[in-house]
Every structure is written in C-alpha cells, then in structure tokens.
Amino acid sequence: MEKMSKKRKKIFSRRAFLKGLGGGAAGTALASKFLGRGLASPSQEKETAPVYSQKTVTFTANGRTVSLEVEPRETLLEVLRQKLKLTGTKKTCDRGECGGCTVLLDGQPVNSCLYPAFRVEGKTVTTIEGLAKGEELHPVQQAFIDKDGYQCGFCTPGFIMSSVALLSKNQTPTLPEIKTALSGNLCRCGNYSKIYEAVKTASERMRKS
Amino acid sequence: MKKHEIIDDLNAAYLEEARGKKAQGKDVPAAASEDFKLIGRATPRIDGRLIVTGKARFTHDLSLKNMLHAKILRAPYASAEIVSIDLSQAQNLPGVRAVIKLKEGRVRYEGEQVAAVAAISEKIAEEALQLIKVDYKILPHVVRPEKGMEEGAPQVHDSANVEKFNEYGRGNVDKGFAEADTVIERTYKTAVEIHHTAETHASIAKWDEDRLTVWDSTQAVFSVRDGLARALGIPASKVRVIKTYMGGGFGSKLGVNEHTVTAARLAKETGRPVKIVLSRRENSLCVGNRPSTFITIKGGAKKDGTLVSLTMKNYTCGGVGRGDRSSEPLIDIYKCPNVKVEEYTVYTNTGASRPTRAPGHVQGTFALEGFLDELANEMGLDPLELRRKNYSSANQGETGIPYSSKGLSRCYDLGAAKIGWDRRNKKPGEGRGNKRRGLGMASQIWWGAGAPGTLADIKIHRDGSVEVICGTQDIGCGTRTYIATVAAETLGLDPEDVTVKIGDTVYPWAPSSGGSQTTPSVAPAVRDAALKAAERLKLLAAAILNVPASRIVLADKKLFDKDNPGVSVSFQDAAKELRREAVFHGERNDLPAGFAYNSFGAHFAEVEVDTETGQIGVIKVVAVHEVGRVINRLTAESQVVGGITQGVSAALFEERLIDDSTGQMVNPNLQNYKVATPMDIPEILPIFVDLVDPRINNLGTKGLGEPPRIPISAAVANAVYNAIGVHLREIPMTPDKVLKALQGKEVSS
C-alpha cells in the first residue's frame, strides 16, 4: 500500500474505525463490505441519501484544508478524482501494480488506489496539481518537458510524484537509485530512459538553485 | 546533451556526402535542399505543461452533467450457450437506470459481452452486474492453437478451426533448394501479447435528439464514427467523435469498440450521457492482443551466402479473430529469387486479436532474422555480412519495383560502428564463465508512407493568430507539436504561436493513427496548407512593401524582402490586410507510382546471460533508423526508446497465460502479466539516417511508429544466441527456457 515505511502519527485499527462509525450491527455489516464482499442492496439512492455509513475526514489537499464524507470502501484515489475533481491522478490498474495513482502523503509516495480514504484524516496530500507554484513549474515537471519524459502522458503524474519524492530525500541520485525509486511505476509507452534523463536533469537543476 | 553530440557526429559524414552530391549538381531531392530552422530539431512538446501539471484531460477524466456509469457483464466461460438471462433483480436495484441484454446463444471466449447496466454510480453498476442471473450451458473449449489444430477439437466458429489466409510465391523453391550449398529449417514461436494501454479503454456517449456525440479513448476518430453509424444504423453525418488526450493505444484503440456501441445504446435508452471505463481485467480479455505465431522457415544459400530459396509456413492464433500475416519481411527485404509462403489462422476460444504495434512484422522478423543468424552460423559467415550480401534495392527481393529510398546499408554502417560489432563472439557461445556476453542484430522493414488525401486547414485570423485544424489524433507521439512546428516553420513563426486543433470528426479528415502513417499523412498536409497561406501573405506583403512577391520571405515573425531584409512588415500587420479570416486547405499528395515506399532500420543489441539463473540482461541497444526526414528529433527519439522498451519486454517477459482446463486467463492484470519496469531497461542509443525521400511527400518524411518495435526482439534473441551458442527460437525468453536450452546444448555436445 505505502511504498515507503513511515512513522504513523496515529495508529489505526479496524475496530477503532468501526467503533467510530457506530459499531454494533452496523459494524458487522460494514466489516463484510470492508472485506470486499457485497452487501444487500442499499435501500436508498445515492442521489438522495448516503448509500453506506460515512465518516467525515479532514485533510490537506494541495495546501487546501478539505473536509468531506467518505465511505469505508472508498479509496483515496476515488476521493481525489471523483469528489475533489483532481483528475491528474490516474486510475491505471486499480490494485497497486503500476504506480499510476502515486500521490505524496505527508511527503511519502503512496499508491492512492490502495489507500483507504478514511485513513487520510489529518494528513497532507500532494497531487500532480499541487506541485507547481502558480505558473512556475516544479523542476521535475520542467525537466519532463525538456527531456520528453513522457509519451501518452497517462503515467506521467505518477512518475513525476515518485521522482519528486526521490529528489526530496536524495538530491544526487545515481542512475541505479533513480531506477529503484521509480521501479513501482510502469510506463507502457516505454519511455523509461527518457524519464531517467528528466530526473537526472531535475536533480542537477535543483542542486544549482 | 552528450548523446546528441554523438548522433550528430555520426550523421555529419553522411550529410557531408549529400552536400557534396548537391555541389556536384547530382540528384538531391528538393525537400532535402531546404534549410529548416525548426524541422529536424528537438522541439519540446507544445502541450507539455498540460501533461506535467495533470491538466491534460483524458477520456477517463471527463464528466458530463447528469452522466450515468455503465458496466458490462462478461462471459466467465471460454465456450458456452446462454440458456437464459434474468435482468429483473438488477433492474430493481435502486440507482440503476437501464439494464440491457447484449448476447443470446453462444459465447465463444472469456470476456464476451453478455449484458450491460447503466447506473448513477460505478459502484451501483458493479453491484447490479452481480444481480444479473445468467444460466450457461458450458461447452467444450479450446484455448491452445496446437490443440485447436487437432482433429476433433471443439469447433470455435461455424467453419474449421484452421483457415488458410495467405499464400505467396515467386520462382521455384525446389529448384532453388537444389542449387543451394546449405539448407536449414527452423521453427520459431512467439507468444500472445496484451497491449495493456495505461489508460484502459473508455467512452462517453451523449445523444441530442438524433445526433450522437462520443468522447472516446481512441486512435481513430473517423473510423469510430463510421463504425458507430454502422452498428447503430444511423448516418455518419449524425455522429461526432471526439478524442482529447489518450493514454496509449498500440493498435488496441483502432476502430470502434463493442463497449462504445453499448454506451451509445444505454445513453439512448436512458436519455442521459453514459460513461464506460473498462477495468484492467477487461483490457486483458476483450480489447485485443497480438496473435501468437508458429513459423517454420526453410532456407537455402550458396557458399558465399547468396540466398537462393526461402519457404515459410505460419500458424498464427488470434483467438476468435484472425492471426497476423507475418510473411512480409521474408517476402520483401532480402534478395531471393525463389520464395513460397503459406499462412494459416488457428481459431481458439480466446479474445480476438487486434493490430498490435507492427502487426505481423514483429513476429515475422523474429523468425526471419533469427533464421538468418542460424544460417550464417551454419555457413561460418558474419551475420551482418550475410544480410549485406543479400541486400536488395527493389521490393519483393529485387523482383518488384525499386524502393523510393532505402537507407538500410547506412543503418548497418552506423549501428555496427557504434555497438562495436567486432567485439562479438566470432563463434556463438565461445565465451566462458557464468555471465556470457553476446552481440546480435536484426534488420527492419515497414511501410509508413502515409495516406494520400489527408486534409489539414490553416486559418489565419486578422489579428495574426494562426490555427491548424485537422481531424488527426495525438496518441502520444507528439503530433500536436510537429503540426505546430511545420506550420511555424513555413510561416516564419514559433511553434507556440500556432494553435493546434485535432481529434474531432468535425475537423478535416485524417487517417487512423496506426501503422506509422500519422506523420507522413498529416505533416505534408499541414505543410501544403501553410505553403498556400504563405503565398497569400507574400502577396499582401508585396503590396505593402512594394517589392515583388517572389522576393518576400517569411521568418522571425516578419515578411521581408530577401534582397533587402530591412524592408519588412510584421506577420501581424500583413495578416491585418486579409479581407476576413482566411482558411487555407492543405492535402497530402498522391504517392508517385512506380516505386515502393518503405522505412528501414537495424538494431544492434548487447546482452549478458547468466548461465546459472538463466536470466537475460539487455545491456545496450543501438537503434539506427531510416525514416526519411525526421521532423522532431526529441519526440522521434522517444518513439525509438519506447519501441525498444516494448520489444525488450516482449522478448523477455510478456505472455498471456490461459488455463487449458478452465479456458480462463490466469494473468489478467499487471502483476502476473509481466511488462518491463524501470529496472529492465538497457542503455538505448537512437540514431537517425537523415535520408530525405525525394518523392514520398513534400517533406520527404516516413512514419516511425512501428519501425523501432520490429527488429528488437530478434536482435536480443540473436545476441543471446551469440552469448550462449544456442538459439532459443521462442519469446518470451524466460529463465526456464534459457536453462533448458543450455542443458540441451550440453547433452548434444
């Protein structure tokens, strides 16, 4: 789920979550949903009422504090794309195989398609839309343009986020270090070697500035 | 960047030669004689900012007001009879707006459409699918081509499972073999590959009365429009197809998809826009694949390496669809007077094939180029010399019409020099130790001349702003950027000054973006329109400046007297003189008859094989391509890098796996269907032979989409052969196959 191990501010347990939602019978029903099995059909339509029990989460998305209701089955990716309309983050495999949905969570790269939305409480999320400062692109973004570090562009947000995460920890990555840091991202157009050039160029420029 | 310097170094000598010819008054094409400022250089994409900020909108990212979401129920069996379908429970699920049947009777592969749901959310649509009750009578299936060929195998279609679809012959192969000093026969196999585009297939359909608008993740807006019109029984004039950004196609997004028709039907039924996004699993099962091949080549040569006879038999499997015609390279590229080809499709109960980047040529080249290396070894010849020996200047092995231009020998020169061809094992497998290095190469031929009749408009506004309008698609190759570059070059502007409008059937016609035809179709049409616009502007400037129009030049956002550059008018001021905004229609010319138009290339690969683990590491690939004039060096390099990466991936990892007993695919995802990752990528050195074709089009350019994908798997296999002395003859070359081959070699020696 998370690409890098990290210290968690709050230890989360499923029991605590269910308790937070009201526990009891609802908890049982939710648990089964939670495990990916179908519930009985919802009694009301989403257009008029919530389908499942919801929980309010508050977090920072690209510098903005957001507070919204999420369902236990919703992923961070779905919340970003559907509720916050941050469609720069892509759904590619939807099961953590390709890195296409990579975002930064408290600075660490995670596959947002595997990250339960309710766990984002209190955290800081950075997506591809949050990298540039106004008109000024992040050096990684600029380097991807200059070195043609993309083809169709669909996997690009994920690669850029993984690259930004790498360069925030290691300003002078070697080629093997770049490859390792990006090894969770797939580019089906096959532009990897152009992407390495972009990351290398960005690291050089970031050191100079 | 160092890499560019090296490339320019290598090409300098060649360009020098061309200049020398020109100085001597020899035949150098008009297009080659022009000095361009932008064309041929490395131009970053004009839409790069949109892509890197996440603002480029793909079909996945689009949302319409009041939109419903569709999901499709697909057959879980490879072969079955639908006895009954009960939609009632699904229809009663709150949030569901429509449920439709899509199939009655026989289903022939896992993943075939059975029914579909439109609901207010994707999740409700998914739940509704679970409530559709389908009774199947399971029938015997066949999923492996070798079993499909057997007598008494379950029949896939109403006709026989094996169907001959191609036959070719010239000369007399028996006579040829009788004249040969050496004759060998070998069989090569390639696996079924899945395109696995990053963006899964997706469409949005919306009706306004009797007019349908579809946003589609497609390589081909016009063919989707026509396909929808046919499927829905409505005139093409009532259908509009729009493509915004598209996350990879590789052939799997050519033509209309069944699910797009389904979305249109659901939209009609509900009166609301309907969006459908396929899952990764669906993309594995039912939107196409590269057919497997089983190719036997028998060839004979004289002592000096002269080929005298070649036969090829191909059994190719594209599931319920066609196999790939894979004989073109063998028929065409080398001089050989006697050739015979037979190709058969074997039908199985698996998803239908679809064009996959260089369909047929990839598999045919793997077989042919592997065969040539084995023949060279058998005869004690340098594999590269064998290819040079049989070099042809006309197609169909010198028996056809001459190539309009062919820079393959130059590709050989540059590639061999850059990889250090002399470093190869003179005898395959002569190295020692656990890590064996080897070098291999392979040649490439493809078409990619472009589609005559492609249209593009240039609109010049009276404020001096410029639009290029063309119904083509940018599928990741940088089409928008070279359109802007060609227009800007011709009009004396910067690429950023040009607004590019593409990807919509309301724009002028352009062909599907497949088969390496986009650049040689679209760039010449844009050039034609821009030349016409320039002519008009020259007349306007001539009147302003009081000099003959023939002396006016467009450059640096100005029009000026070439004999007196100080006499000038800005582009903007010249445009003001237009009576109204002006549209200039450009068209790609017809191809002059009497010539064959092909692109060429050669890949040189270095590998290291671990003889203990069986793992192959590709160390370096030098890829030399002759595609006429290169319009944008930066994006052209990306094409080459991408083709090589995909080819390395196919050579080492990719294979669709189907359980013989259940008929179901066991790796319909990106975890178990292995594709190359950042860890598997060799050092790649793209080199272009800047040979401008004298007659193919007004820019002398050929397509580059397929070429870099074609020879790479063969070059890698030949390098492995050179390293370990045994040819695997089968891709993917997984470690188990390498170890088995090494074992076999020990036993036989």
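Student: What counts as a helix or a strand here?

Tutor: Helices are DSSP runs of at least four residues, and strands are runs of at least two. This is a predicted model. Chain A has seven helices and five strands.

Student: What share of the residues in chain A is buried?

Tutor: Chain A has 209 residues, and 47% of them are buried. Now look at its contacts between residues at least 6 apart in sequence. Of these, 61% join residues at least 24 apart.

Student: Next, sheets. How do strands of a sheet pair?

Tutor: They pair through backbone hydrogen bonds, either parallel or antiparallel. Turn to chain B for a case. Three of its strands form an open sheet, in the order 20-21-22, with antiparallel pairing.

Student: Which strands stand at the edges?

Tutor: Strand 20 (552-555) and strand 22 (564-570) of chain B do. Each has a single partner strand, so one side of each lacks a neighbour in the sheet. From one strand to the next, the twist averages 35°.

Student: How many bridges join strand 21 of chain B to strand 22 of chain B?

Tutor: Four bridges join them, and the two strands run antiparallel. Strand 21 of chain B covers residues 558-561. For one pair, find Asp561(B): its bridge partner in strand 22 of chain B is Asn564(B).

Student: Which helix lies across these strands?

Tutor: Helix 16 of chain B, residues 518-545, lies across strands 20, 21 and 22 of chain B. Helix 16 of chain B runs at about 115° to strand 20 of chain B.

Student: Now two helices. At what angle do helix 18 and helix 19 of chain B pack?

Tutor: Helix 18 (residues 633-652) and helix 19 (residues 712-724) of chain B pack at about 55°, with axes 8 Å apart. Those two helices of chain B are therefore oblique to each other. Their crossing is right-handed.

Student: Which residues meet there?

Tutor: From helix 18 of chain B, they include Gly643(B), Ile644(B) and Gly647(B); from helix 19 of chain B, they include Ile712(B) and Val716(B). The contact residues divide into seven nonpolar, three polar and no charged.

Student: Last, the two chains. How many residues of chain B are in contact with chain A?

Tutor: 50 residues of chain B touch 49 residues of chain A. Helix 18 of chain B gives the most to the chain B side, with seven residues. That side divides into 22 nonpolar, 21 polar and seven charged residues.

Definitions and conventions:
Residues numbered from 1 in each chain as written. Chains lettered and ligands numbered in written order. Predicted model: local features only at pLDDT ≥ 70, side-chain atom pairs only at ≥ 80, totals over all residues. Buried ≥ 20, exposed ≤ 12 C-beta atoms within 10 Å, placed from the backbone. Contact = placed C-beta atoms within 7 Å. Axes fitted to C-alpha atoms, helices over the stretch in contact; angles between N-to-C directions. Parallel < 35°, antiparallel > 145°, perpendicular 65-115°, else oblique. Left-handed = near helix turned anticlockwise from the far one by under 90°. Nonpolar A, V, L, I, M, F, W, Y, C, P; charged D, E, K, R; others polar. Pairing = 2+ DSSP bridges.
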